[in-house]
Amino acid sequence: MEQRSDALVVFGVSGDLAHKMILPSLYQMVRRGHLNEPIIGVALDDWTHEQLVARARDAVTRQFTIIDEAVFQRLAGLLRYVSGNYKEQATFDKLKAALGTSKSPLYYLAIPPSLFGSVAEGLSQAGIATGARLMVEKPFGRDLETAQALNRDLHKVFEEDAVFRIDHFLGKEAIQNLLYLRFANAFIEPLWNRTYVESVQITMAEDFGIKGRGKFYDEVGAIRDVIQNHLVNVLLLLAMEPPVTSASDDLSDEKVQVLKAIRPLGPSEVVRGQFEGYLQEPGVAPTSHVETFAAVRLFIDNWRWKDVPFYIRAGKCLPVRATEVVVRFRRPPVAMFDTVGPDEANYVRFRLGPQVMIGIGARRKAPGSQMIGEAVELAALDDTTDDMLPYERLIGDAMDGRRQLFTRQDAAELAWRIVEPILDDPSTPETYAPGTWGPATAMEGFAPPGGWVDPAA
Ligand code: BG6
């Protein structure tokens with residue numbers, strides 16, 4: 001059993017991510033009795049403890065509307081604040097004083113990656129890195145080279161076993177379900193290969209734009225923002241071999257095997273789009289070529305998946321907000337019966353958000369005197385009302401030293417290798433009207449056999 005971290009230090013506590021995700025998650029952890037350790041927020045702002053508590057109250061109220069005052073007071077009692085510049089050693093000395101007798105804190109870097117190196121160095125200089133864990137946010141680099149450089153910087157101070165690279169998708173209940181469903185049931189396995197699976201498609205649709213994050217988004221684009229990490233991770237859970245055990249390294253080993261077998265993407269395996277109006281967003285360059293929509297076709301050159309196309313499509317300003325996977329099976333070899341209605345059947349559909357759902361598309365006989373069939377979907381829907389928030393699960397796991405939901409160095413680097421050839425394409429992406437399914441002309445003919453399945457709201 002790993003030793004639990006005895007304090008949580010959040011760098012970037014005054015930032016947007018802390019406000020939207022981290023502070024509400026800390027409240028939930030306290031509410032469930034999952035967090036009793038001191039929480040030290042660090043940021044440049046010259047705040048008092050009261051100001052941090054007020055910020056936390058605002059963050060929690062926005063997320064939950066009604067808050068349990070007793071829980072909030074427990075959270076406020078755990079919070080401390082250290083203000084300082086991450087490039088000045090004095091900040092880390094103040095942090096050391098605030099940590100008091102803590103021997104094994106978890107440092108959570110919710111700050112731009114360009115600062116990771118100086119924070120690791122500052123912690124080391126202050127003598128508060130040994131015995132600690134480090135959790136880092138995406139984007140983990142912007143290509144293979146920068147990811148490798150970041151890894152080198154972090155490894156100067158922290159062993160790989162102490163580094164927790166976050167992909168918040170892996171903290172989602174639905175994504176955990178995917179892993180569970182695949183490896184806790186035997187009936188799926190005989191079908192889960194190139195003999196029976198015709199194609200796999202993963203769609204991540206968002207019905208909103210870049211929400212004022214123009215400066216960030218314009219340096220990133222859809223491929224870096226969600227495909228290289230979130231959606232490749234979903235693909236890995238679908239495609240990996242059964243791990244020997246559920247231990248973190250066994251899971252990572254299998255993911256790495258798939259990553260090694262994925263062919264790097266070439267120009268004919270990608271379609272890029274940009275929503276109309278993107279160039280007018282604050283912070284976006286007026287001639288930007290950055291994509292707000294991308295669809296890619298991946299092939300995994302191994303025994304299980306050779307020649308089965310894996311499609312991923314993601315975009316901003318699409319008609320709905322939904323993330324779904326559809327695994328489509330090959331048709332029966334002989335069509336014995338007539339059918340009516342849409343020819344949709346033979347698939348498994350995983351709804352990964354906002355709701356959690358598993359649906360099996362099958363054909364059944366339509367009522368009546370003739371042997372005519374129709375498509376039905378057998379659906380299992382999960383109640384998601386009190387699900388753990390992704391960050392709640394991930395912070396808790398990192399504090400406990402559980403590494404299953406985090407990305408190992410080799411996996412992070414291999415994922416960059418796959419998308420690298422299609423990054424920073426200087427051509428102008430085709431535009432699409434907000435509320436449509438992306439650039440229609442560019443997408444012509446770029447679809448899994450049987451077509452895309454557009455998720456419903
Ligand atoms: C983030 C991306 O990592 O994931 C955002 O930067 C995206 O652009 C978000 O909107 C989606 O996360 P979720 O949990 O809302 O599906």
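In this predicted model, a polar side-chain atom of His230 lies 2.7 Å from an oxygen atom of the ligand. The protein covers 81% of the 390 Å² of accessible area that the ligand has on its own. His168 also places a polar side-chain atom 2.7 Å from a ligand oxygen. For Glu206, the corresponding distance to an oxygen atom of the ligand is 2.6 Å. The surrounding residues are Lys138, His168, Phe169, Lys172, Met204, Glu206, Arg213, Asp225, His230, Lys316 and Arg321. By class, this shell comprises 7 charged, 2 polar and 2 nonpolar residues.

Aromatic pairing was examined next. The count comes to 12 aromatic pairs. One of them joins Tyr217 and Tyr278, with ring centres 6.3 Å apart. The planes of Tyr217 and Tyr278 meet at 75°, so the pair is edge-to-face, the cut-off being over 60 degrees. The pair links distant parts of the chain, 61 residues apart. Tyr217 belongs to helix H8 (residues 214-217). Tyr278 sits in the loop between strand E8 (270-275) and strand E9 (293-298). Tyr217 is buried, at 1% relative accessibility. Tyr278 is buried too, with a relative accessible area of 0%. Elsewhere, ring pairs connect Phe11, Tyr86, Phe92 and Tyr107 into a cluster.

A charged residue, Glu392, lies in helix H11 (residues 390-400). The relative accessible area of Glu392 is 1%, so this residue counts as buried, the limit being under 20%. Beyond its neighbours within four places in sequence, Glu392 contacts Ser25, Gln28, Met29 and Arg32.

Methods
Residues are numbered from 1 along each chain as its sequence is written. This is a predicted model: local features need pLDDT of at least 70, side-chain atom pairs count only at pLDDT 80 or more; totals for chains, interfaces and linings use all residues. Side-chain values use heavy atoms; hydrogens and water are left out. A residue is near a molecule or strand if one of its heavy atoms lies within 4 Å of it. A polar contact is a pair of N or O atoms within 3.5 Å; within protein, one must be able to donate a hydrogen and the other to accept it, and residues adjacent in sequence count only if both atoms are side-chain atoms. Accessible areas come from the Shrake-Rupley method with a 1.4 Å probe; for residues, only the protein chains shown count as cover. Helices (H or I, at least four residues) and strands (E, at least two) are DSSP runs, numbered from the N terminus. Buried means under 20% relative accessible area, exposed over 50%, partly exposed in between (1.4 Å probe, protein chains only). Contact means heavy atoms within 4.5 Å. Rings of Phe, Tyr and Trp (its six-membered ring) pair if their centres lie within 6.5 Å; planes under 30 degrees apart count as stacked, over 60 as edge-to-face and the rest as tilted.
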